[in-house]
Amino acid sequence: AMGEGQSGQLGIGRTCAYRDRPCLSARAGGDGAPFVSVAAGWAHALAVSASGDLYAWGDNSRGQLGTGDTRARVRPTRVAAGGGSGSPAEE
């Protein structure tokens, strides 16, 4: 991941102003299944794991991560079916 990171959208476990060099972000969901599809928004990202689980991270000021709250996430967080509380992916 690289680019703006002040909302945690890089998924590297912390916020940062800007990454001008690529860095490794989470590669898999909490069950260890690798991400097979990733989409990035302006300040958040979504990924689907090989097991079919949806993960989200970054800005969540309007609830766009689907986690049932408005707290930003700096690590991929599993989104429960139908929204609601999720849990951070294991690294």
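These notebook entries record what I looked up in a predicted model.

**Conventions.** I number residues from 1 along each chain as its sequence is written, and side-chain values use heavy atoms, with hydrogens and water left out. Because the model is predicted, local features need pLDDT of at least 70 and side-chain atom pairs count only at pLDDT 80 or more, while totals for chains, interfaces and linings use all residues.

**Strands S3 and S4.** I looked up strand S3, residues 35-40, with strands taken as DSSP runs (E, at least two residues) numbered from the N terminus. S3 runs antiparallel to S4 (residues 44-49), and five bridges join them; pairing requires that DSSP finds at least two bridges between two strands. The hairpin from S3 to S4 passes through three residues. Opposite Phe-35 I found Ser-49 of S4.

**Core.** Which residues make up the largest nonpolar core? I listed five: Phe-35, Ala-45, Ala-47, Tyr-55 and Trp-57. S4 and strand S5 (54-58) are the elements that give two or more residues to this core. A core here is a set of buried Ala, Val, Leu, Ile, Met, Phe, Trp, Tyr and Cys residues joined through side-chain atoms within 4.5 Å; buried means under 20% relative accessible area, exposed over 50%, partly exposed in between (1.4 Å probe, protein chains only).

**Aromatics.** I counted two aromatic pairs, for which ring centres of Phe, Tyr and Trp (its six-membered ring) must lie within 6.5 Å; planes under 30 degrees apart are stacked, over 60 edge-to-face, and the rest tilted. Phe-35 and Trp-57 are a stacked pair, at 6.1 Å centre to centre with 25 degrees between the planes. This pair links S3 to S5 across 22 residues. Phe-35 and Trp-57 are both buried. With Tyr-55 they form one aromatic cluster.

**Salt bridges.** How many salt bridges does the structure hold? I noted two, each being a side-chain nitrogen of Lys or Arg within 4 Å of a carboxyl oxygen of Asp or Glu. One joins Arg-78 and Asp-53 at 3.7 Å, N to O. Arg-78 sits in strand S6 (residues 73-79) and Asp-53 in the loop between S4 and S5, 25 residues apart. Arg-78 counts as partly exposed because its relative accessibility is 33%. Arg-73 and Asp-69 also form a salt bridge, their closest N and O atoms being 3.1 Å apart. Is Arg-73 buried or exposed? Arg-73 is buried, because its relative accessible area is 6%. Asp-69 has 29%, so Asp-69 is partly exposed.

Conventions: Helix = DSSP H or I, 4+ residues; strand = E, 2+ residues; numbered from the N terminus.
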